[in-house]
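Visitor: I have a model on the screen and would like to learn how to read it. Where do we begin?

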Amino acid sequence: MAGEKRTMTLNLTDPEMRAVEDLCAKKDVSKTTLLRQALRLYQLVEARTEQGEKFFFEDADKKKAELMFL
Amino acid sequence: MKRIVTVLETETGSLIEAELDAEVTVDDLLATQREWRPYAIKAATALARQGSMELIPQHLHWDWTSKASQLDLLANSFIGLRVGASLQGIMKLQLVGDFCRARLPEQKGQSLIYLDYLESAPWNLKPLMDALGQQTRFNGIGSRLVRHAVEISLEEGFGGRLGLHSLPLTEMFYRDVCGMTPVGRDPSKQNLLWCEFTKEQANNFLAGARS
Amino acid sequence: MKTLSDQEWLRQQAALENNCYVSVGGLVTAVEELQSKRVGSNVLKSAFGQLIRLFRRDHRMTPEEFAQDLDIELGELIAMEAADQLRPSARTIHKLSEKMKVPSGKLFVLSGLAEARDSHIQDESLKFAARSQPLQALTPDEHQILNEWVKYLCEK
């Protein structure tokens, strides 16, 4: 893990902040951890999409629905 | 990030300095192909000649260079364990993605670090070196790497939680030596055994507590 | 709970770990899978070398000039063009990607540093390698083949 860190200020709406707090409680992680996880996931999906892969959700009946990732 | 630790040198029984390095490069991956693979294959051939087919390791034909394009992604962390300039162990951790969710009921759905790949250099594995009639060079490589994975889980805010799919020949190490819970076989991953650390188990592992 | 010192911990773990395998990762299921991967990888490498060579010639550069322009070792460039067993560094792949305007992910696959997720790139690589000719200067046809190949690699 990279040693040095820099601080960023993030402005969120009330619903966004509530979503952050709910996810933190559910995942038992801090806000910083949650947002770093979100960044890692975004970069991972972006990298694999660039390589020609597609990002799908699959329901219980094994039907795939593509998620358009912007 | 580099961190100084110790490993056991088998010949002398001494603890010697080693370095955990989070800046693994493509050249390191190439080095494992060049130096580890032929050695492992030579040992496996010896095991086959001795009729010990069940001891031939299941990671024989791994190719770490195939993971080169994953080095730069934030979702991954590649850690090397070096003694001097020589790589003695390497692991790949996944911080987000498919398998980064706990499965044990008491922590179901919570984030954990997924130990995607871990390998010790073949000259550190006693079953292989016995087949060649040689002594291992270093011991404790696997434990050092797993310990570091738990420390990263703590630093990242996951409480030390760790998950992995064990190979059949390594189930004993993760279950009995590390103290992880074997949760069940995973049909989505070649029916390999999913093993998991709770926060408490991770803490016990770091403390060296044996049950 | 008594906590062992780091030294005590390591000695305890080393004794327990002594006769164990420790690896984590997927099973390699069949030698045939590996063998077909090796044949496939030779085709990809050949196309990779041809791509670099034709691009360089299309820009009227000697190997020395191209290596200097990319800021990479001449030996590495020559090995890549010759589809040698040597695998280029990730840095070189990124330099080539920037210069040739081809996604680095595709170049990682062609160079053998990453695995192809589908067989299409392998099929197209074979066609490209078969059609391109080793002439001193690119003919209009070679120029078109090169442009089509680059266009394919740039497609999502």
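Guide: With the interface. This is a predicted model. In it, 15 residues of chain A are in contact with 17 residues of chain B.

Visitor: Which element gives the most to the side of chain A that touches chain B?

Guide: Helix α2 (residues 31–50) of chain A, with 8 residues. By type, that side of chain A divides into 7 nonpolar, 5 polar and 3 charged residues.

Visitor: How is the size of an interface often given?

Guide: Often as the accessible area lost when the parts come together. Here we have contacts: 15 residues on chain A, 17 on chain B.

Visitor: Now chain B. Where is confidence lowest, and where is it highest?

Guide: Read pLDDT, the predictor's confidence in each residue. For chain B the mean is 90, and 99% of its residues reach 70 or more. Helix α1 (residues 26–49) of chain B is lowest, at a mean of 83. Helix α3 (residues 141–155) of chain B is highest, at 97.

Visitor: How many helices and strands does chain B have?

Guide: It has 5 helices and 9 strands. From the N terminus on, the order in chain B is β-β-α-β-β-β-α-β-α-β-α-β-β-α.

Visitor: What does the radius of gyration of chain B agree with?

Guide: With a compact globule. One of 211 residues would have a radius of gyration near 17 Å, so the 17 Å of chain B agrees. Its C-alpha trace spans about 45 × 35 × 35 Å along the principal axes.

Visitor: What share of chain B counts as buried?

Guide: Of its 211 residues, 47%. Look at contacts too. Among those in chain B between residues at least 6 apart in sequence, 60% join residues at least 24 apart.

Terms used. Residues are numbered from 1 along each chain as its sequence is written. Chains are lettered from A and ligands numbered from 1 in the order in which they are written. This is a predicted model: local features need pLDDT of at least 70, side-chain atom pairs count only at pLDDT 80 or more; totals for chains, interfaces and linings use all residues. Two residues are in contact if their C-beta atoms, placed from the backbone, lie within 7 Å. Helices (H or I, at least four residues) and strands (E, at least two) are DSSP runs, numbered from the N terminus. Ala, Val, Leu, Ile, Met, Phe, Trp, Tyr, Cys and Pro count as nonpolar, Asp, Glu, Lys and Arg as charged, and the others, Gly among them, as polar. pLDDT is the predictor's confidence in each residue, from 0 to 100. The radius of gyration is taken over C-alpha atoms; the globule rule is 2.2 Å times the number of residues to the power 0.38. A residue is buried if 20 or more other C-beta atoms lie within 10 Å of its own, exposed if 12 or fewer, and partly exposed in between; C-beta atoms are placed from the backbone.
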